[in-house]
Amino acid sequence: MSQIAIDNARTNERLSMFLSRIDENEPVDNVFVDLPLLKELMGRRTVIDGGRQSMIIVETDQNSTVDSFEGNDTFDTSVQDTTQTAVFAYKNYGATVTILWEEKRETATDDVRTFDLLRHRRNSALMSMKDRMNSDMFVVSPASKDLNSLPFLITTTGTVGGIDSSTDTFWQSQETTSVGAFTSNGMTNMRSLWNDILRQGQGTPDLTLTTQAIFEAYEAEQDPDVRYENPDVLARGATSLVFKGKPIMFDADISACELYIINFDWLKFVVDTDGQFTFDEFQTPVDQKSSTAKLVFRGQLITTNRRALGRLTGVT
C-alpha cells in the first residue's frame, strides 16, 4: 500500500503558528525606505488621458526687431523665429502578482489565515515598483526605457527633449560644480544657487533635496538659539528643516555630494490616468491553477524650463 508523503515544511510552519503568539496582523516591512522625491511628484502629478508623448513649446529668444526710432526711420520687419519644441516620450513600468490556487485554499478562512497573503503581495509589488522608479530618477544616464532623472534634466549639458543645451544655452540649468566642504562653502553656494534661480524670473523654488550627509551638515549650521520666523522648525531635535522658507529634505537614492533646488512649476510628473500604479484584474491560464494580475505605470518626468532648476555637485 502506497503512502502519501507529508509536506513537512508546511506542517512545521502551521505547528509553529499554533504554538506562537501572532504580534502583527501583517508582515513587518524590513526592506523598503522612504521615497521623498516620488511622494512629492505623485502629490503634484499632472494626469493625462492617453497619448504617446508630451510636447512643450519653448520660448528660445527675444524679438530682435525691437529698437528706438524717430521720424520716418525704417522698421526691421524680419520674421522672428523664437520658439522650439521639447518632446518627452512616456515610459512604462510593470510588475506581476501571482497567487497559486493552493495558497488561496490555505488562506481561505480566518481559521487558517494569519495575514492577507494577496493584499501583502499586491503591496509588495507596488512598493517595489515605487522603489525602482525613485531610484531611476537619480541615475546619471537613464536607460532608454526608464524615466528621466534629476541628474539628466537638471544640469548644463546634454540633449533633453530633443534640444541640445550645448548650443541652445537657454536650455541650461543653474549649476555649481566642485563645491567642496559644506562647512566652508555650502551655505554660500546654496544662497547663490537660490538667487541664480530667482534671477530667471520664473518664481520661487519649492524644495531643496539632497543627501543625508549634506542634510546633516546643513542642520549643523543652524543656530537654534537665534530667533527665527518659525522657531519650532529649527529647535533642537526638530524633525523638519527649511531653507529660504521652503522644506529641505534628503533622499536615500541621491548620489553622494549632490543637492537640488526644485521649482515644481517647471519640473512635472506626467502620469497616464490608466497607468497610475494600476492593477489589472486577475487572470487564470487555461493550463495552470494560478492567477496573475499585472501592475502598470505609464508617465514621464519632464521639465518645461530647465533654467528655473538648479543643483550643486561635489559637496563634501
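**Note on the predicted structure**

1. Setting aside residues up to four places away in sequence, E103 touches L117 and R121. E103 belongs to helix α3, which covers residues 101-106. The relative accessibility of E103 is 16%, and E103 therefore counts as buried, since the cut-off for buried is under 20%.

2. The chain as a whole. The secondary structure consists of eight helices and 15 strands. Of the 316 residues in the chain, 34% are buried. Among the contacts with a separation of 6 or more, 76% are between residues 24 or more positions apart.

3. Helix α7. Which residues of helix α7 are buried? In this helix, formed by residues 212-221, they are I214, F215 and Y218. Viewed down the axis of α7, the buried residues fall within an arc of 105°, so they line one face of the helix. On the face of α7 turned away from the buried side are the exposed residues A213 and A220.

4. The cover over α7. What covers the buried residues of α7? The cover includes helix α6 (182-198) together with the strands β8 (207-210), β9 (241-243), β10 (246-250) and β11 (259-262). Several of these elements return in the next two points.

5. Residue T208. Strand β8 holds T208. With a relative accessibility of 0%, T208 counts as buried. When neighbours within four places in sequence are left aside, T208 is in contact with M190, W194, F243, P247, I248, M249, L259, Y260 and I261. For one of these, M249, the distance from T208 is 6.3 Å between C-alpha atoms, although the two residues are 41 residues apart along the chain.

6. Aromatic pairs. How many aromatic pairs does the chain contain? The count comes to eight. One of them joins Y93 and F297, whose rings are 6.5 Å apart centre to centre, with 65° between the planes, an edge-to-face arrangement. Y93 is in strand β4 (residues 91-100) and F297 in strand β14 (residues 290-303), so this pair ties together parts that are 204 residues apart in sequence. Both partners are buried: the relative accessible area is 8% for Y93 and 1% for F297. A further pair is formed by W194 and F243, with ring centres 5.5 Å apart and planes at 90°, so this pair is also edge-to-face. W194 lies in helix α6 and F243 in strand β9, so the pair ties together parts that are 49 residues apart in sequence. W194 counts as buried at 3% relative accessibility, and F243 is buried with a relative accessible area of 4%.

7. An aromatic cluster. Which residues do ring pairs link into a cluster? The members are Y93, F269, F277 and F297.

8. Helix α2. In helix α2, which spans residues 36-43, the buried residues are P36, L37, L38, L41 and M42. These buried residues pack against the helices α4 (117-136) and α5 (150-153), and against the strands β8, β10, β12 (267-272) and β14. Strand β14 also holds F297, and strand β8 also holds T208.

9. A nonpolar patch on the surface. M55, I57 and V87 form a nonpolar patch, and together they have about 280 Å² of accessible area. V87 has its place in strand β3, residues 83-89. Is V87 buried, partly exposed or exposed? At 30% relative accessibility, V87 counts as partly exposed.

10. A loop residue. Where is S240 found? S240 is in the loop between helix α8 (231-234) and strand β9. The relative accessible area of S240 is 37%, and S240 is therefore partly exposed. From C-alpha to C-alpha, S240 and E219 are 9.6 Å apart in space, while they are 21 residues apart in sequence.

Notes:
Residues are numbered from 1 along each chain as its sequence is written. This is a predicted model: local features need pLDDT of at least 70, side-chain atom pairs count only at pLDDT 80 or more; totals for chains, interfaces and linings use all residues. Side-chain values use heavy atoms; hydrogens and water are left out. Helices (H or I, at least four residues) and strands (E, at least two) are DSSP runs, numbered from the N terminus. Buried means under 20% relative accessible area, exposed over 50%, partly exposed in between (1.4 Å probe, protein chains only). Contact means heavy atoms within 4.5 Å. The arc is that of the directions from the helix axis to the C-beta atoms. Patches are made of residues with over 30% relative accessible area and no salt bridge: like charges are joined within 9 Å, nonpolar side chains (Val, Leu, Ile, Met, Phe, Trp, Tyr) within 5 Å. Accessible areas come from the Shrake-Rupley method with a 1.4 Å probe; for residues, only the protein chains shown count as cover. A salt bridge is a side-chain nitrogen of Lys or Arg within 4 Å of a carboxyl oxygen of Asp or Glu. Rings of Phe, Tyr and Trp (its six-membered ring) pair if their centres lie within 6.5 Å; planes under 30 degrees apart count as stacked, over 60 as edge-to-face and the rest as tilted.
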